[in-house]
Amino acid sequence: MKTVTLFRPVGPEELALIEAAGWRAFPPRLPDQPIFYPVLDEDYAIQIARDWNVPASGVGYVTRFEVEVDFAARYATQVAGSAKHRELWVPAEELDAFNAHIVGVIAVVHRFGP
């Protein structure tokens with residue numbers, strides 16, 4: 001099975017929920033968050049974790065995970081800024097299906113903050 005590597009910058013609250021799910025799933029989106037957006041570029045995920053998550057919550061993490069490439073292909077790549085700011089936009093109501101296509105575990109690969 002072919003997979004694609006994705007990254008997700010998170011704060012401590014989201015990371016705790018990922019850990020509670022056995023490092024196998026991302027938590028449901030909040031009502032004001034209609035999109036789940038994993039990113040395709042590690043440097044972009046680092047930028048978000050360092051520049052947004054740290055000021056917002058004191059610490060930021062970058063997670064890395066694999067998703068079945070055929071499943072991920074159903075979501076068009078969105079560019080949110082420069083060409084390296086590539087994201088998949090997964091509707092919140094499809095997050096359970098997305099989680100079911102994660103291969104392996106979600107790993108923390110970077111930490112920023114005190």
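**Entry 1: a strand pair.** I began with strand β3 (residues 60–68), which pairs with β7 in the antiparallel sense over seven bridges. For my own record, strands (E, at least two residues) and helices (H or I, at least four) are DSSP runs, numbered from the N terminus, and two strands pair if DSSP finds at least two bridges between them. I also looked up V62, which stands opposite H110 in β7.

I am working with a predicted model, where local features need pLDDT of at least 70, side-chain atom pairs count only at pLDDT 80 or more, and totals for chains, interfaces and linings use all residues. Residues are numbered from 1 along each chain as its sequence is written, and side-chain values use heavy atoms, with hydrogens and water left out.

**Entry 2: the sheet.** I found an open sheet of three strands in the order β1-β3-β7, with antiparallel pairing. β1 (3–10) and β7 (102–112) are at the edges with a single partner strand each, so one side of each has no neighbour in the sheet. Neighbouring strands here are turned by 20° against each other on average, direction ignored. The axes are lines fitted to C-alpha atoms, for helices over the stretch in contact, and angles run from 0 to 180 degrees between N-to-C directions.

**Entry 3: R86.** I then turned to R86, found in strand β5 (residues 86–88). R86 is partly exposed at 30% relative accessible area (buried is under 20%, exposed over 50%, partly exposed in between; 1.4 Å probe, protein chains only). Its C-alpha atom is separated by 5.7 Å from that of L40, 46 residues apart along the chain.
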